[in-house]
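Let's take a walk through this structure together, moving from charged pairs to aromatic rings and on to a helix and a surface patch. Please have the model open as you read.

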Amino acid sequence: MLEVVLWLSAAYAIALAAFPLCFYLLPNLRDRGASIAMPFGLLTLGYASWILSVLRIVPSTQVTAILLLIIMTGVSAWVVQRNRQEIVDFVVREWKTLATGQVVFLGVFAIWITYRFHDPSISHTEQPMDFMFLNSTARSMLGTPEDAWLRGEGISYYYFGYWNFALLTKLTGIVSSVTYNLSLALVPAMAAVGMFGLVSNLVRADKGRFKAAVLAGVTAALLLVFLANLEGVLEFFRANGIGSVGFWSWIAVEGLTAPAGSLTEQWWPTENWWWWRATRVIGSFDAGVQTDYTIHEFPAFSYILGDLHPHVMSVPFVVMFLGFLWNFWRAPSVWSWSGWRLYLSLFLIAFLLGGLGFTNMWDLPVFGLIFLLIAALRVYRSGRTRIRDLVLETAPFALLVGVVAFVLYSPYFLSFTSQVGGIGALDGPGTRSLHFVLVWAPYLVAVAPFVVAVYSRTTIREDWTRTTLYALAAGFLPFAVWVPLYMNGGGDPAGVIGRLIQVLPLVLLVTLAAYATLWLIGEEKERDGLVFAMALASLGLALIMGPELLFVDDSFGGAHERMNTVFKLYYQGWTVLAAATGYVIYYFAKLITESDFSSRLLLRFWGGAFVLVLIASIYYVPAATASKAELYGEERTLDGLQHVERFAGPEYRAIEYVRENVGQDSAILEAVGGGYSEHGRIASSTGVPTALNWPGHQMQWRGSSTPFAGREQDVQTIYQTLDISEAASLLDKYDVDHVYVGPRERNKYGDAGLEKFGRFMTPVFSEADVVIYRR
């Protein structure tokens, strides 16, 4: 529990140090950025420590982290001194909003940290990979962090999220096997309070009352971090014997194609890892062969699974970026290139956008495009509505932001290697309507009526032709891009009509939402919150429509060709639609009070349907947490390596030895193995690099086997050869001064060649069947 208090104290110290900066930089937010001060402060400190380290100016150490925090506090103290009375007046006026935000933050943190106490183990899926990146960045002092699974090579992955949480690890001095789990609780807490602030700001901007703003904000926060899709309720039906053979055959979700063999005796399904299927709903089979395989995680699933992936860590920073865009949208509409505030605003957006890309590269193009659209809407709002004006006015800002973002993070961008080979046109079956509804019903049941309701209020204006063309372009542009790509790839012309029919509902919704957004800009000048919410709805719908037409061509092919595209765009869509849905609740609640009897009846019917869908969706999270946490019995700890101590005590103590005694420039050899395994555990758990591990993942990250060609065979030779000089020469080749010998090494390479290590190396750790040798 002491680690929790220390972790929260450090997080709050960063938030308090950053809040005066947010107060100054975000004058158009009702909460002046209080809800996003923590991720802003963490990103700012993380960037400062990273750029100083990667340029080899100042090493990244605990002392450096403390000094940077002190410097930020000093700058903020200066801001407070210059704006003391304004800040005091703000706190007195908005204390209820600030307090509610902290209740949201601490409540969400308490829930997820409690879960992590019950399910702490870093033991499955790609958790060892995430742990390796966290330890690699925590161990890094100067220059690009070294990949602990590829000695001598820098990390070839978007690692800024790991760097930021490693910074907190250094700042607190807590062991990384604990901060891994603390990070998994801090991420949803920061995301939730940020979402609360964003949506409550939208409502307050439209003169909504405090209670309405709190209700909308809290709801959006809970939707973001606790909502699931409807697959969970299907699991409940199946586990309790509900549904015929024909019903489950029609559902056709992999693993849910027939009634359960045995029924549950609990209130949750008891089949092993049943909750995994909620992210594999969308898929197609032809004669038993899978033709479309996708992954569609959502935040709550990620927190339950426990993978500290870039797309998971990025969510609070995405919400923060949306908050800065909201401030940008609300800024005075008259732009002047001579105004320093414009440059400051654009610099901040570039700084944050570059940070998003460094944290999760998929966020860079998506939220860069969202910034571009918000900038274009600002131009449109100023009365310059012709396409030529929109392009000429927006392009310089987009270019400036892009250049600044690249320059700020150029040490990373210049070294990053991508497997992206372009944009492909989907030729497969796409998503079944039933599967799409199962995944997106919780948001569609809110956002679709909202779009239709607002659109129904629009009237014919003088510029209706131009507005209609813009809206049609927004809705049909992805399809228009898909058609030539599809045809150039040898597509059947008949497939064009079929695809249009398939995506037409979403195309129309995006078109209506775009039209309503443009109409509102001209007619509802005092409803900035409604305009921004409708823009978010448009963008969210476009994100989930995109994978039905286009995919990013990467290293995955065949049935997996659009897997990553669905994965990443759906995750972003979930965040954006959560914000839009929070505002929708306020909008319809207000509409009920202003409508006649028949309209109120219809709205109440909608409200009842929405609540039913929410109840069905929310069942998944408590059921999944109860099911997964039970796997680990009565253990109550935050140490992600306690399972190693329990089942492999000597290896656990070997890890402790390496962590405490192996020097900064040292490396350790261990058995090479494939991904999703225990191989590479010593390097992963300590950050001390090894010659090679998880080669399949290295191939994915680097796009080529050249950087590690021959290493696996060399490692085998070192363990198996009887020739001391040959082993020593290969150890020198990879600059390795420690050799680990444990059960994995003995099982893979045999015992015959292990005796030689004692003849030219010193055993520095020995317990049972685990030995560590040092040269």
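With which residue does Arg277 form a salt bridge? The partner is Glu271, and the closest N and O atoms of the two are 3.0 Å apart. Keep in mind, as you look at this pair and at the others below, that the model is a predicted one. The cut-off for buried is under 20% relative accessible area, and exposed begins over 50%.

Another salt bridge joins Glu393 to Arg384, with 3.3 Å between the closest N and O atoms. Here Glu393 is partly exposed, at 28% relative accessibility, and Arg384 is partly exposed as well, its relative accessible area being 31%.

In total, the structure holds 31 salt bridges. One of them brings together the side chains of Arg204 and Glu94, at 3.4 Å from N to O. Arg204 belongs to helix α7 (residues 176-205) and Glu94 to helix α4, so this pair ties together parts that lie 110 residues apart in sequence. Both Arg204 and Glu94 are buried. If you look around them, you will find that they belong to a network of salt bridges that links Arg30, Arg93, Glu94 and Arg204.

Now let's turn to the aromatic rings. A pair of such rings is described by the distance of the centres and the angle of the planes. There are 70 aromatic pairs in the structure. Among them is the pair of Trp112 and Tyr303, which is edge-to-face, with 5.3 Å from centre to centre and 70° between the planes. Trp112 sits in helix α4 (residues 84-118) and Tyr303 in helix α11 (residues 299-305), so the contact ties together parts that are 191 residues apart in sequence. Trp112 and Tyr303 are both buried.

Compare that with Phe328 and Phe371: their ring centres are 5.7 Å apart and their planes meet at 45°, so this pair is tilted. Since Phe328 is part of helix α13 (residues 315-330) and Phe371 part of helix α15 (residues 363-381), the pair ties together parts 43 residues apart in sequence. Phe328 is buried, as is Phe371.

The ring of Phe328 has a further neighbour to look for. The charged end of Arg378 sits over this ring, 4.9 Å from its centre.

Next, follow helix α22, which runs over residues 563-594. This helix has 32 residues and reaches 45 Å from its first C-alpha to its last, close to the 46 Å expected at 1.5 Å a residue. Is α22 enclosed or open to the outside? Of its 32 residues, 26 are buried, so α22 is largely enclosed by the rest of the structure.

Finally, let's visit the surface. Leu399, Val403, Phe406, Val407 and Leu414 make a nonpolar surface patch of about 510 Å². Of these residues, Leu414 is found in the loop between α17 (410-413) and β3 (423-425). Leu414 is exposed, its relative accessible area being 67%, whereas Trp112 and Tyr303 are buried.

Technical notes. Residues numbered from 1 in each chain as written. Predicted model: local features only at pLDDT ≥ 70, side-chain atom pairs only at ≥ 80, totals over all residues. Heavy atoms only, no water. Helix = DSSP H or I, 4+ residues; strand = E, 2+ residues; numbered from the N terminus. Expected span 1.5 Å × (residues − 1). Buried < 20%, exposed > 50% of the residue type's maximum accessible area, 1.4 Å probe, protein only. Patch = residues over 30% accessible without salt bridge, like charges linked within 9 Å, V, L, I, M, F, W, Y side chains within 5 Å. Areas by Shrake-Rupley, 256 points an atom, 1.4 Å probe, with all protein chains shown as cover. Salt bridge = Lys/Arg side-chain N within 4 Å of Asp/Glu carboxyl O. Phe/Tyr/Trp six-rings, centres within 6.5 Å; stacked < 30°, edge-to-face > 60°. Lys NZ or Arg CZ within 6 Å of the ring centre and 35° of its normal.
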